[in-house]
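Biologist: I would like to learn how to read a few features of a structure, and I would be glad if you gave the general idea before each case.

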Amino acid sequence: MSKFNHSVKVPTQYKVAAKILRTALEKQKSIKSLIFEEKHARIGSLHAVLRIYSENRGAVDRAIEESGLLKENPKLDSVLAKVLVTELIFGRGLLNGDSRPVQTVRTFKERLQQAISGTGFQKKELNPRYVRINTNLHSVPEALEYLARNEWRRKEFDSDISYADFLAAIRTLEENEFMMDLNVEGVLIFHHKTSHYWACHDLVKSKMFILQNKATCLAAELLAPPSGATVLDMCAAPGMKTLHISNVMKNQGRIYAVEQSKDRFKALCDITELAGCKIVSPILADALTIGPEQCPDVEYILVDPSCSGNGMQNRFKVCEEQKDDKRLFKLAGLQIKILSHAMSAFPNVKRIVYCTCSLWKEENEQVVQRCLQLNPSFKLLNCKKALRNKWTNVGDKEYVKIGKNCLYCLPDQDLTDGIFLAMFEKVNED
């Protein structure tokens with residue numbers, strides 16, 4: 001007689017996760033977009049298990065192979081097995097329900113663990129959860145008071161702490177602790193296990209707290225427009241950096257926020273309105289058609305154009321991303337056009353920050369190099385110095401006078417998304 005109760009169904013979250021993973025593997029589609037197509041699913045739990053699988057795919061697949069799980073259970077769906085093993089060994093450490101697939105994987109727990117330990121595998125370190133205070137609606141002291149009332153403990157550090165020691169402090173955060181960021185005012189750092197907690201939090205839904213990776217916050221930090229300035233955000237949607245710029249400016253001045261996609265433009269308008277951005281003027285247009293007639297007196301410009309996005313950690317890749325030279329060539333061409341337009345079309349501009357979520361030199365140092373050749377009235381400023389030298393990773397030294405002045409955020413080293421930044425200043429004609 002079978003020891004399994006065949007009438008017990010597999011929990012819905014496991015079935016949906018397996019469905020998404022199967023489509024992603026077979027059709028090479030984005031896991032993230034597939035998750036959001038499942039409108040009735042518990043998105044938080046899907047995010048967690050599929051993210052963990054995408055980051056540990058090799059180890060999961062090897063453990064299944066070496067434990068003999070599928071060989072001894074040929075009727076067990078192979079993709080469902082990946083989901084269950086991920087949750088049991090790499091995720092929460094337990095499985096819900098008593099369906100036959102769940103019980104089968106449970107009985108293999110020890111063999112799966114032995115298979116993993118035999119490979120010398122170490123679980124990938126997950127980066128922390130970054131939460132930025134939207135000072136349009138909520139002051140930093142008010143946010144800290146709220147956290148204290150809710151029994152969050154602030155982990156303090158000395159003001160002269162080194163960047164290496166700061167990163168070490170992040171790695172040892174307890175689940176009930178948080179830190180203030182070293183580089184960007186108003187950025188809070190929490191343990192990675194709080195990611196789902198904050199994703200569902202009322203203060204995030206009301207835009208008092210913003211879920212924004214620390215790396216992308218560096219763009220507004222480096223641009224640093226003062227209160228009352230006039231700013232142009234050339235590729236503004238979905239609006240996180242636009243919102244942060246308004247915070248830096250204390251919601252005083254003017255920000256022209258340009259976006260050419262109608263859907264993304266709506267998202268930009270929604271977030272800036274909900275987040276209390278009183279100084280934002282959204283413009284539905286191609287950035288290359290915008291000039292001083294539509295956006296007069298622009299002094300500061302953020303150029304954050306379309307890019308390959310290979311630095312983003314939330315893209316849930318289920319295969320190694322291959323370098324596509326043809327696509328990079330097209331993207332770089334567009335990036336050069338937009339950055340060069342920013343440099344040449346606005347006579348009053350003082351500073352420009354160029355930002356991509358790419359780690360390819362073709363979209364980064366090479367774009368900077370070409371735009372400086374086309375626009376000799378601009379020079380590079382040193383991003384590392386702007387962060388009080390509290391940073392490590394800079395550009396490629398092979399790009400003379402360029403690499404050392406640019407900044408990279410590297411996921412495994414800086415505990416952030418992968419981002420590139422360059423900061424330009426117009427040279428005084430005198």
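Biologist: Is Phe190 buried or exposed?

Modeller: This is a predicted model, in which local features need pLDDT of at least 70 and side-chain atom pairs count only at pLDDT 80 or more, while totals for chains, interfaces and linings use all residues. Residues are numbered from 1 along each chain as its sequence is written, and side-chain values use heavy atoms, with hydrogens and water left out. Buried means under 20% relative accessible area, exposed over 50%, and partly exposed in between, with a 1.4 Å probe and protein chains only. Phe190 has a relative accessible area of 0%, so Phe190 is buried. Across the chain of 430 residues, 52% are buried.

Biologist: How many aromatic pairs does a search of the whole structure find?

Modeller: Rings of Phe, Tyr and Trp (its six-membered ring) pair if their centres lie within 6.5 Å, and planes under 30 degrees apart count as stacked, over 60 as edge-to-face and the rest as tilted. The search finds 13 aromatic pairs. One of them is edge-to-face and joins Trp152 to Phe190, with 5.0 Å centre to centre and 75 degrees between the planes. This pair links distant parts of the chain, 38 residues apart, with Trp152 in the loop between α9 (140–149) and β2 (153–154) and Phe190 in strand β4 (residues 187–190). Helices (H or I, at least four residues) and strands (E, at least two) are DSSP runs, numbered from the N terminus. Trp152 also counts as buried, because its relative accessibility is 12%.

Biologist: Which residues form one aromatic cluster with Trp152 and Phe190?

Modeller: The cluster also takes in Tyr146, Phe178, Tyr197, Trp198 and Phe209.

Biologist: How should I read the packing of helix α4 against helix α8?

Modeller: Two packed helices are described by the angle between their axes and the distance between the axes. Axes are lines fitted to C-alpha atoms, for helices over the stretch in contact, and angles run from 0 to 180 degrees between N-to-C directions. Helix α4 (residues 57–67) and helix α8 (residues 109–117) have axes 8 Å apart and pack at an angle of about 120 degrees. Angles under 35 degrees count as roughly parallel, over 145 as roughly antiparallel, 65 to 115 as roughly perpendicular and the rest as oblique, and α4 and α8 are therefore oblique to each other.

Biologist: Which residues make the contact of α4 with α8?

Modeller: Contact means heavy atoms within 4.5 Å. From α4 come Ala59, Ala63, Ile64, Glu66 and Ser67, and from α8 come Arg111, Leu112, Ala115 and Ile116. These residues divide into six nonpolar, one polar and two charged, where Ala, Val, Leu, Ile, Met, Phe, Trp, Tyr, Cys and Pro count as nonpolar, Asp, Glu, Lys and Arg as charged, and the others, Gly among them, as polar.

Biologist: What does the backbone show at Pro238, Lys207 and Asn251?

Modeller: Most residues other than glycine have a negative phi, and most peptide bonds are trans. The peptide bond from Ala237 to Pro238 is cis, with omega near 5 degrees, and Pro238 sits in the loop between β6 (230–233) and α14 (240–248). Lys207, in the loop between α12 (202–205) and β5 (209–210), has a positive phi near 70 degrees. Asn251 has a positive phi of about 60 degrees and lies in the loop between α14 and β7 (254–259). Lys207 counts as buried at 19% relative accessibility, and Asn251 counts as buried at 16%.
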